[in-house]
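I would ask everyone to look at the sequence and the structure as I speak.

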Amino acid sequence: MARFSGSFLAWRILAHAGVVSLAGLPFVAEHAVAAEPAVFAHSRHHNVEIDFADPSSQCAATDLHLTMQITPQSLEMDTPEQQIKLANALGGKLSTDSQCAAVQSVDVAILQNGADIRHLHAKRDANWQFSVAAPPAVAATPAPESPSTAAPAQPVAMQPVAIPEGYMGLLAYLAHQNPTLLDNPAVQACWARHFMGREFNAAYGNEFRMHDVEQQAKTDLAHVSQQMEAGNLLANLILRLGEYDFAQSSFPIVLSGNVLTVSSQCDMSAAQLPDRVSFNLGDNNQTFRVAMTSAQAEQFLKQRTRYGYIDRAVPVSMTFHVAPELLTGLTTTSSTPLPAELSDIKIYAAPDKATLLADIGPEALAAMRKAQEAEKAARIAREAAQKRAESLRMLAEHVQSANRSEKLAMWVGQGTGDFGLPELDTMRNVRMRIAINKQPAQTILLVQADGSGRKQVPTKWPGQLNLTVPEDQPALSSGTWYVVRGLVNIPNAGNFPPAEMSVQFIHACTQDECHDAEDPQALLSALQTEMTHKP
């Protein structure tokens, strides 16, 4: 694209129609718009564009026809004198551009808000000095054939269209689901703004011209919506090549995050549609690969290196599928990301998308997801094994350093807190906590049964304590020593009623006062077995 400037104005000369890019969040997305007429020149100072009236011939014609587009945004272009002054600035290009060497005369149609208001004319032999002239003659239109001789009309086959990406692709699919949207002014205006930008701007302030533009937008949207596949949407992103993986002979490309948001500059509230929609693409940081040999990869990066900087940005087109019924329920209040699944990935070398680096179809994506899920499961298993090994190591250290009270308490697990090692409690402390907090207390006690069974079994030690054991724990035997863990409560009866303990965990000892439970090796073995069987 050539650029040059003068003291009066700056021109931008375009060989053909350009492509406008917009940004979408959270990923950077390109929104392709419909091809525009071929541009001959553009004045940034006046905000005026001059186009070829016939884009196919451009400068090849002897008599060149141009259009000067004046919109409400144009500056200092209201009078014929201002328009002639701008047209005369074209003389330099017409005289020096070899592509325009065949041009002998130029007619410029001045279009103000879409209306043809006057024509300017100039010739090469007059040094390209423009003046107001009459519009060029139009060839007479031949009379239509009579009905008896006219050829019968043939049905016109619908031509395939380029499926739009991002929000406009979503809008086309919503119109496919709900054709009443085609008649919604907000939908028509949004489509016209994106794909008929010049006509939309030129019609500003003229309701009749705007009505024509919106009706054309309706027709175009209807054509596109009929060719939308159920639930399939497209998004164009710019992603980054990672460092070359010599083990897998490929460049990794990581899709950071898992939520894709498509948005529009339009206000869609009148259509009861959100102006942005998010999609959940599954796992975070999905990785795609561009396969190359190391020699090809090295040469590829050399070609993308400028002044020591490697351009690793590559365009990516993603096709993803959303359950149609989820899209049917979209409203202006919709904010939760909709679940979606990638179905096709195309990775290109440059924005022109002339060179395809990788095409990852549904089967390859399914295999990739399966491999990544297996890798994720293996990673989780490794992390769990490492965590378990560290827990066992710390457990061994705790057992070796624990005192008698802590060792006995460890047979039935953690006590009243989650910090440090559990310890045996005393009934004096338990009764005090219950009195202060006015609620039952969780505790670990050393006890000797003074009876057998499961319910209301009294104790010799510490005394004034009755034990109730659940069915999943062993029944009590008179005279046996135990380490018990459970909830203690004191009934409101008498001056010093026996405390009641609902036992949750119990360990039966073989020696008086549970001296056998002090053995560190036996304790460690029991705790390791319990930890191994935990999920």
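This is a predicted model: local features need pLDDT of at least 70, side-chain atom pairs count only at pLDDT 80 or more; totals for chains, interfaces and linings use all residues.

I begin with helix α4, in which Ala186, Val187, Gln188, Ala189, Cys190, Trp191, Ala192, His194 and Phe195 are buried. A residue is called buried under 20% relative accessible area, exposed over 50%, and partly exposed in between, with a 1.4 Å probe and protein chains only. Helices are DSSP runs of H or I with at least four residues, strands are runs of E with at least two, and both are numbered from the N terminus.

Residues are numbered from 1 along each chain as its sequence is written, and side-chain values use heavy atoms, with hydrogens and water left out.

Let us return to α4. Nine of its eleven residues are buried, so the helix is largely enclosed by the rest of the structure. What covers the buried residues of α4? The cover includes α3 (166-177), α5 (197-202) and α6 (207-225).

Cys190 forms one of them with Cys266, the sulfur atoms being 2.2 Å apart. This pair links distant parts of the chain, 76 residues apart: Cys190 is in helix α4 (residues 185-195), and Cys266 is in the loop between β11 (259-263) and β12 (276-280). The torsion about the S-S bond of Cys190 and Cys266 is about 85 degrees, so this disulfide is right-handed. Cys190 and Cys266 are both buried.

A further disulfide joins Cys59 and Cys100, with sulfur atoms 2.1 Å apart. Why does this pair tie together parts that are 41 residues apart in sequence? The reason is that Cys59 lies in the loop between β4 (48-52) and β5 (63-70), whereas Cys100 lies in the loop between α2 (91-96) and β6 (105-112). The link of Cys59 and Cys100 is right-handed, with 55 degrees about the S-S bond. Cys59 counts as buried at 8% relative accessibility, and Cys100 is buried with a relative accessible area of 0%.

There is also a disulfide between Cys509 and Cys514, whose sulfur atoms are 2.0 Å apart. The link of Cys509 and Cys514 is right-handed, with 95 degrees about the S-S bond, and both cysteines are buried. With bonded cysteines counted along the chain, the disulfides follow the pattern 1-2, 3-4, 5-6.

I turn now to the strands. Strands of a sheet pair through backbone hydrogen bonds, either parallel or antiparallel. Here, two strands are said to pair if DSSP finds at least two bridges between them. Which strands make up the closed barrel? Its five strands run β19-β20-β21-β23-β22, with mixed pairing. The twist averages 50 degrees from one strand to the next. Axes are lines fitted to C-alpha atoms, for helices over the stretch in contact, and angles run from 0 to 180 degrees between N-to-C directions.

Taking the pairs in turn, β20 (residues 457-461) and β21 (residues 465-468) are antiparallel over two bridges, and Val457 stands opposite Leu467 in β21. Their hairpin has three residues between the strands, and Gly463 there takes a positive phi near 80 degrees. In contrast, β21 pairs with β23 (residues 499-508) in the parallel sense over four bridges; the bridge partner of Asn466 in β23 is Glu500. Strand β22 (residues 481-489) and β23 pair in the antiparallel sense over eight bridges, and Val484 has Ile506 in β23 as its bridge partner.

Finally, helix α11 (residues 427-437) packs on the sheet, touching β19 (441-449), β21, β22 and β23. Contact means heavy atoms within 4.5 Å. The direction of α11 makes about 145 degrees with that of β19. Thank you for your attention.

Terms used. A disulfide is a pair of cysteine sulfur atoms within 2.5 Å.
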